[in-house]
Amino acid sequence: MNDYHKSIIKGIAEIVCLHYGLPESSLKMKSRKQSIREPRQIVFYFARKYIGQYVTLSEIGGVYGKDHATVTHSAKLVNQLIDLYPDFAKSIMQIDANICVFLEGVSVTRDANVKDILKSLINKYGAIKVS
């Protein structure tokens, strides 16, 4: 996986972690607590959605020490939760909107640092909404 794709995953993770009030580094923990597991699964869901056609599922999972099966399971689980719980679906839509704004910024400034892009987009659009 190249640095560009890795930066996309890291940016997605930053947005998800901001939504959940967690540091991005917590996603690397081996914890199975829901408070850690769920955001990590959501990161895998969005990474697969947005860059799954460019990188393998093993590469996506490898960023956080997980394998392809975990990424596949995460995507299926998040889809099920979206169908079952309207509040969860609303959170996913909020996160997705913020990721879209982030990806617009990345496409314009492909070599820029992810955190710098996030900060500039937050300042410009006030895009990140933590609930």
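Trainee: Why is S26 called buried?

Mentor: Buried means under 20% relative accessible area, exposed means over 50%, and partly exposed is in between (1.4 Å probe, protein chains only). S26 has 5%, so it counts as buried. Keep in mind that this is a predicted model, where local features need pLDDT of at least 70, side-chain atom pairs count only at pLDDT 80 or more, and totals for chains, interfaces and linings use all residues. Residues are numbered from 1 along each chain as its sequence is written, and side-chain values use heavy atoms, with hydrogens and water left out.

Trainee: Where does S26 sit, and what does S26 touch?

Mentor: S26 is in the loop between α1 (3-20) and α2 (34-51); helices here are DSSP runs of H or I, at least four residues, numbered from the N terminus. Leaving aside residues up to four places away in sequence, S26 touches I36 and R40, where contact means heavy atoms within 4.5 Å. I36 and R40 are also among the buried residues of α2.

Trainee: What makes K10 and E24 a salt bridge?

Mentor: The term needs a side-chain nitrogen of Lys or Arg within 4 Å of a carboxyl oxygen of Asp or Glu. For K10 and E24 the closest N and O atoms are 3.3 Å apart, and the pair forms a salt bridge. K10 lies in helix α1 and E24 in the loop between α1 and α2, so the pair ties together parts 14 residues apart in sequence.

Trainee: Are K10 and E24 buried or partly exposed?

Mentor: One of each: K10 has 21% relative accessibility, so it is partly exposed, while E24 has 16%, so it is buried.

Trainee: How many salt bridges does the structure hold?

Mentor: There are 2. D96 forms one with K49, with the closest N and O atoms 2.8 Å apart. That pair links distant parts of the chain, D96 in helix α5 (residues 86-108) and K49 in helix α2, 47 residues apart. D96 is buried because its relative accessible area is 16%, and K49 is partly exposed because its value is 46%.

Trainee: How do you know that the span of α2 is close to the expected one?

Mentor: The expected span is 1.5 Å times one less than the number of residues. With 18 residues, α2 is expected to span 26 Å, and it reaches 25 Å from its first C-alpha to its last, which is close.

How values were computed
Helix = DSSP H or I, 4+ residues; strand = E, 2+ residues; numbered from the N terminus.
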